[in-house]
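My notes follow in the order in which I looked.

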Amino acid sequence: MRQDNIKFPLKNKLILLVVSAIVPLLMISVYLIFALLNYSSAYDEIVGNMTVANNYNLDFKEEMDESIYKIVAGSATFDNISEDSSIKDPYVLISELQNEFKKLERITTDRESRVWLQSLLRNIDTLRDRIDDIRVNLETGRAYDENMEMLDNNIYILTELVQDDIQYYIYYQTKSIENLTMQLNKQVSSFIFLIVIIVSMIVAMVVVVTILLLNSITRPIGKLCKVTGQISEGDFSVRTKIDTSDEIAVLGESVNEMTEKLEVMVNKIKEDERKMRYAELRLLQEQINPHFLYNTLDTIVWLIEGKDSENAVKMVVSLSEFFRLVLSKGKEYITIQEEELHILSYLQIQQARYRDILEYDVDISQEIYPYKILKMTLQPLVENALYHGIKYKRAKGKITITGSLKNQKIYLMVEDNGVGMEQEELEQLRIEIQRPCKETESGFGLANVNERIRMNFGAEYGMTIESAKGEGTRVRIVIPAELFETMGEEDEKHEE
């Protein structure tokens, strides 16, 4: 069966299942959303009205009484009251209050609240008239006692009435919220009853449809799972037969076709990956820093131009020995004695370049000379000690290399007295060297050495690093004590 012969696509089956559940729920959700929006809108409107009223309930009487009193007492006038930041103009207060509560009157719907709003607006008009009377009295120079009497008998009483009107308005708005909540509770109760009925019908319908659709999907998938499980365990002789006319049947046929070729492909991929990783590590291991070669040749040219032919010859001999041991006729393993000669050649070349800052001491026990080691194991460690430890010290430093045998294990140590590392930097480097070298962000050379050791000798072997800021760094290599085999045996082992 091919893609164009599918009669009942899984997509259509799943769409049918989704539609049978979603459409009724969507209708219920839309109704519920509109009901909640209406309630929320009414609630927000009432709360907004109460907020406006409450703002004036807290401040209006106090501010108005204080302002009129100061005017009557003579500490301020209607003309200069705006210059006093501690009080407000009575007319401004009345205008603000009147404007805000006229807006509330236009949007307030319940009768009781409107009654108190209208009473409040009438009292505000009366309050304005009484303030006008006081202003006329002050302008005509009438007695202070008469104005104080008007203040006590008119202004204070009217502001008290205005405050009472605001409080009654707030009270009836609160009652409106209670009524709104009661209506909502009734709607919710009715809605819950309706939802229970509708959801029961939806559940019954969806259960039936789901059972039918899931059986048509899960049964063939179960067969495929069983077959693929056997394939994953290495049994490539199994086949599956799917009777449905959908994508699963196409998948079953594809699985059968792939199974015929899978065993060969899996084995080939594993072999190719093993060879590729081995070749990659070997290539990385045999790469030589071009700057080291260029700098060495420049030093030789400088010695020749300076008529120092003796040291130039020594450097050429050391460089020749270095490359001879690096190449090693393509061998992966060399003896520890050869590795020592290789690292001595490297140090002799580097000391010629850095004679003012570099000293070294190689103390590898002759007892371990016959044992094998991956070539260029020590050179990246020494290079790291020189370039990241000694050079940054800006004073003469020393690199010490030791090797010994203990409990059938070879222990090699590269130690410097350079700048060392902070604890955080050391922890990060320890993490980096445990990762595949192509994924490292720092310590590439050390990670390469560690990965080669673990790949060739086992995960229990490898590298450890210790360091302290200002004291230096110590890198220890542990490998198994295995005597060096003949060339042919080693080459055949790693070519397989």
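The entries below go from the whole chain to single residues.

**Basis.** I am working with a predicted model, in which local features need pLDDT of at least 70 and side-chain atom pairs count only at pLDDT 80 or more, while totals for chains, interfaces and linings use all residues. Residues are numbered from 1 along each chain as its sequence is written, and side-chain values use heavy atoms, with hydrogens and water left out.

**Whole chain.** I found 12 helices and 7 strands in the protein chain, taken as DSSP runs numbered from the N terminus (helices H or I, at least four residues; strands E, at least two). Of the 496 residues, 39% are buried, where buried means under 20% relative accessible area, exposed over 50% and partly exposed in between, with a 1.4 Å probe and protein chains only. The accessible surface comes to about 28600 Å², and 56% of that belongs to carbon and sulfur atoms; the areas come from the Shrake-Rupley method with a 1.4 Å probe, and for residues only the protein chains shown count as cover. Among contacts with a separation of 6 or more, 73% join residues 24 or more positions apart, a contact being heavy atoms within 4.5 Å.

**Cores.** I next looked up the nonpolar cores, which are sets of buried Ala, Val, Leu, Ile, Met, Phe, Trp, Tyr and Cys residues joined through side-chain atoms within 4.5 Å. The largest has 51 residues, and those with the most contacts inside it are Ile399, Ile401, Met463 and Ile465. Helix α8 (residues 336-353) gives the largest share of this core, 6 residues. Apart from it lies another core of 31 residues, including Ile68, Phe101, Leu158 and Val162. Going back to isoleucine 465, I noted that, leaving aside residues up to four places away in sequence, Ile465 touches Met421, Leu426, Leu429, Arg430, Ile433, Leu446, Thr473, Arg474 and Val475.

**Salt bridges.** I counted a salt bridge where a side-chain nitrogen of Lys or Arg is within 4 Å of a carboxyl oxygen of Asp or Glu, and the structure holds 8 of them. Glutamate 482 and lysine 372 meet at 3.0 Å, N to O. Glutamate 482 lies in the loop between β7 (472-480) and α12 (487-495) and lysine 372 in strand β3 (residues 372-374), so this pair ties together parts that are 110 residues apart in sequence. Lysine 372 counts as buried because its relative accessibility is 1%, whereas glutamate 482 is partly exposed at 31%. Glutamate 427 and arginine 430 also meet at 3.0 Å, N to O; because they are 3 residues apart in helix α10 (residues 423-433), about one helical turn separates them.

**Helix α11.** Helix α11 (residues 444-457) has 14 residues and reaches 20 Å from its first C-alpha to its last, close to the 20 Å expected at 1.5 Å a residue, that expectation being 1.5 Å times one less than the number of residues. Its buried residues include Leu446, Asn448, Glu451 and Arg452. Glycine 458 follows α11, with a positive phi near 125°.

**Surface patch.** Which residues make the nonpolar surface patch of about 650 Å²? I listed Val18, Ile22, Leu26, Val30, Ile33, Phe34 and Leu37; patches take residues with over 30% relative accessible area and no salt bridge, joining like charges within 9 Å and nonpolar side chains (Val, Leu, Ile, Met, Phe, Trp, Tyr) within 5 Å. Phenylalanine 34 lies in helix α1 (residues 10-73) and counts as exposed because its relative accessibility is 53%.
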